[in-house]
Amino acid sequence: MKKLLLFVLLITVALFTVNCGGKKPKAKMEDIPEWYLNPPQAEDAIYQAGDAVKTSMALAKDAADARARDAIARTLELKVTNMMKDFMQQSGLGEDSEALEFTSNVSKQVASTVLRGCQIVKREMKTEGANYHGYSLAEYNLNSLVQETLNEARKQKALYNEAKANLSFEELEREIDKLKQVGE
Amino acid sequence: MINLTSAQEFTPSWFEQLPEIPGARLAVGYSGKYVNYNQAKAAALELARKNMTKQISVRLVFDLEELSDGRLCLLNPSFKEFISGGILQTVANNSVVIDSAITEDDYFVLLAYPAGEYQLIPGAGDKTWGIRPDWIENLPNDKGYVFGVGMVARYRSWIRAWYDADEYARFDLGKNLQIKAESVQASRRDNRTTIESVILKQTYDLTLKDVTIVARWFDIENNAYYSLSRAPRQ
């Protein structure tokens, strides 16, 4: 029985190894989409690419999509931190430790909250031997990001030190207007 | 009723591209080889009713976890779907088959809801698959709608393949609407190597309305099936 269990375990490990980075044909350079190597850049949106190699086409698509969206989520935290820092400095609270905590809370909350409207706008599926290599490009509208940040900042403001709670969100609102104009 | 020749080489045009009839919802159903046509039709009709019910309202729960450390990776997606028995019953009582197609191996029905007198679709005869549609690579850019794409390949059963492609298209649309994404990354470095570990988790639980499978495409050369879902943006 133990031998059988060991055998099953070894086979499972071998399968995952082959599937995830063992002996698999490498992608040909001409097969890699241009947008994967150089994701588009825009003033009003973030683009991130992801890829995955799997034996199933559906799994390759799911994994590539998930990695592209994950890259977006990680970019968001950085973007929101910068946006909040600017905003706090303009409010005259930039160096305050509570202000830094406030910034960090908002950034983390926004980055870990739901991605609304994060779409996979481009996708390519290549065959590499018996495997499928999926490439996905995710797009996230910055208008949604600023709106999410503003909502979260308003929520967090209630928890923030009351003496400093007279924050005005005009700067963030101006950011939204700016992005709306770019989008039009 | 159209009599086509063989499975998946020819299909009714409404299976590839769903038409629009004002005031009616349309959904397709399909089945494989049965002892007789009545059984095949019953199976296709049952699927069409379920598809119609999902079109009206469906709750989708998606969960994906990926653990990888550079050498091994585990991907565990989970798809759960809930439909209302009440809506299914309403659809069964108040819908009508407006067209059907038969080959030696398959049976297709086009269901309309609510029941009524609808004009037959002109030019809905047998057709081979058209050229590879652009929506497989590039999500349609229509601000009034949200889209999702489902794709599967190398299935032995074409019925299972279309069923899964349709389901994946619905779940994909949900991901494009909203999804919770969390991940933890860590790097470990020794003298020789750097190992990047990632734990990724993405989830959503949404009730979607008006999600229609509007287009399908079969890649004969690579035995791959593609479905496109669409819902009005709210």
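This is a predicted model: local features need pLDDT of at least 70, side-chain atom pairs count only at pLDDT 80 or more; totals for chains, interfaces and linings use all residues.
Which pattern does chain A follow, read along the sequence? I read α-α-β-α-α-β-β-β-α-α. I counted six helices and four strands in chain A. Helices (H or I, at least four residues) and strands (E, at least two) are DSSP runs, numbered from the N terminus.

Residues are numbered from 1 along each chain as its sequence is written, and chains are lettered from A and ligands numbered from 1 in the order in which they are written.

**Sheet in chain A.** I found an open sheet of three strands in chain A, in the order S1-S4-S3, with antiparallel pairing. Strand S1 (45-54) and strand S3 (119-128) of chain A are at the edges; each has a single partner strand, so one side of each lacks a neighbour in the sheet. Two strands pair if DSSP finds at least two bridges between them. S3(A) and strand S4 (residues 131-141) of chain A are joined by nine bridges. I looked up one position there: A:Met125 is opposite A:Gly134 in S4(A).

**Between the chains.** I next checked where the chains touch. In total, 28 residues of chain B are in contact with 27 residues of chain A. Contact puts the C-beta atoms, placed from the backbone, within 7 Å. S10(B) gives the most to the side of chain B that touches chain A, with six residues. I also saw three bridges from strand S2 (residues 114-116) of chain A to S10(B), and the two run antiparallel. A:Val114 stands opposite B:Lys180 there.

**Core.** I then turned to burial. Of the 184 residues in chain A, 37% are buried. Buried means that 20 or more other C-beta atoms, placed from the backbone, lie within 10 Å of the residue's own. The largest nonpolar core has 87 residues, and those with the most contacts inside it include A:Ile72 and B:Met151. Helix H3 (residues 57-90) of chain A supplies the largest share of this core, 12 residues. A nonpolar core is a set of buried Ala, Val, Leu, Ile, Met, Phe, Trp, Tyr and Cys residues joined through C-beta atoms within 7 Å.

Which residues of chain A is B:Met151 in contact with? I listed A:Met57, A:Ala58 and A:Lys61. Leaving aside neighbours within four places in sequence, the partners of B:Met151 in chain B include B:Ala165 and B:Tyr225.

Terms used: Two residues are in contact if their C-beta atoms, placed from the backbone, lie within 7 Å. A residue is buried if 20 or more other C-beta atoms lie within 10 Å of its own, exposed if 12 or fewer, and partly exposed in between; C-beta atoms are placed from the backbone.
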